[in-house]
Amino acid sequence: MAGAVGGTGASGWTWRPVARDPLLARAFHSCTELRGRFYLVGGLLAGGAREPSSDMVVFDPAEGQAVRVGARGGPRRSHHDAALVGGRWLCVVGGWDGSRRLATVSALDTERGVWEAWTAAPGSYPPAGLSSHTCTRLSDRELRVAGREGGTRTQRRYGSIYTLRLDPGARTYCYKEEGYHTVSRSGHCAALLRSPGPHPGHQLLLFGGCNSAEPEVAGHWNHGKIKAFSLPQGGTTCCPPFDGTACKSREQWPGVPAGASRTPASLMFCGWALCCAVWWRNSD
């Protein structure tokens, strides 16, 4: 695992190793930050492996230490994505279980250390199955899902966009297919960015994962729909616009060195800790 420090000058970024540990050696896994630590879930643990792992590793960048966590009932997954809900539940969405693509949601209750299989709510219209997709957080209980759905034939035609609503209290999830499609993509990246202008809104851009060299808009929200979201431990970030204006941290996030360089990117490594601009969407 590596971190990067850098500024806006021509020298750009400088990468340096943060940790070397066999527990971190995996591919097609998810990595989610919670309270200054990174939760690595599943993936393929060796070259040529076909069976996904069900293990979970927690990496503490401040200590430079990775530990395998023995949470009960972990899902066997690769090519999935994960998102934090309610500051407590780590939700794993879709992925490959070794025999088929899934659109289900499994959630780790980080307070109890137990995995739960959530159920589909009435009225949910899930995709045929997801792998190598992205889940972008729009609010504390709402994700925008984009990427590979179903088999190869569907993948070649187009990519569907879904809104996924999560209810930790009821342990349920609900998919809603949006009324537009994108270029068929898998293994891509997604970024929620603020558009420039006097009344900026937000747009979700998809990068890579297909033959096109151009990013594609997979959602747009008017001014005021999405607001800055507070980071754990009291830190906050502004919403960086897509015009290159620097992102500034209003409070020093624990673990980030004082005076660390800032960058116009929406995702940045400051020293050995991750500073990430995240967003909050107002309820409709």
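This note walks through a predicted model, point by point.

1. **Ground rules.** Residues are numbered from 1 along each chain as its sequence is written. Because the model is predicted, local features need pLDDT of at least 70 and side-chain atom pairs count only at pLDDT 80 or more, while totals for chains, interfaces and linings use all residues; side-chain values use heavy atoms, with hydrogens and water left out.

2. **Overall make-up.** Helices (H or I, at least four residues) and strands (E, at least two) are DSSP runs, numbered from the N terminus. Of its 284 residues, 49% count as buried. Buried means under 20% relative accessible area, exposed over 50%, and partly exposed in between (1.4 Å probe, protein chains only).

3. **Surface and contacts.** The accessible surface comes to about 13800 Å², and 51% of it belongs to carbon and sulfur atoms. These areas come from the Shrake-Rupley method with a 1.4 Å probe; for residues, only the protein chains shown count as cover. Among contacts with a separation of 6 or more, 47% join residues 24 or more positions apart. A contact means heavy atoms within 4.5 Å.

4. **The largest core.** The largest nonpolar core has 18 residues. Such a core is a set of buried Ala, Val, Leu, Ile, Met, Phe, Trp, Tyr and Cys residues joined through side-chain atoms within 4.5 Å. Those with the most contacts inside the core are C91, V93, V105, W118, L164, L166 and Y175. Strands β7, β8 (89-96), β9 (101-109), β13 (142-146), β14 and β15 each supply at least two of its residues. Another core, of twelve residues, lies apart from it; Y39, V41, V92 and L108 are among them.

5. **Y175 and its aromatic partners.** Y175 is buried, at 0% relative accessibility. Leaving aside neighbours within four places in sequence, its contacts include V93, P126, L130 and Y162. The whole structure holds three aromatic pairs. Rings of Phe, Tyr and Trp (its six-membered ring) pair if their centres lie within 6.5 Å; planes under 30 degrees apart count as stacked, over 60 as edge-to-face and the rest as tilted. The rings of Y162 and Y175 have centres 6.0 Å apart and planes at 85°, so this pair is edge-to-face. Y162 sits in β14 (residues 159-167) and Y175 in β15 (residues 172-182), so the pair ties together parts 13 residues apart in sequence. Y162 is buried too, at 4%. Y162, Y173 and Y175 form one aromatic cluster.

6. **Salt bridges.** There are twelve salt bridges. Each is a side-chain nitrogen of Lys or Arg within 4 Å of a carboxyl oxygen of Asp or Glu. R112 meets D109 at 3.0 Å, N to O, and E116 at 2.6 Å. R112 is partly exposed at 46%, whereas D109 is buried at 0% and E116 is buried at 14%. A network of salt bridges links R88, D109, E111, R112, E116 and R171.

7. **A bridge between strands.** E178 forms a salt bridge with R144, with the closest N and O atoms 3.9 Å apart. E178 lies in β15 and R144 in β13, so the pair ties together parts 34 residues apart in sequence. E178 is buried at 17%, and R144 is buried at 7%.

8. **Cysteines.** The count of disulfides, pairs of cysteine sulfur atoms within 2.5 Å, is zero. For C135, the nearest cysteine sulfur is that of C91, 9.7 Å away. C135 is buried at 11%; C174 is partly exposed at 24%.
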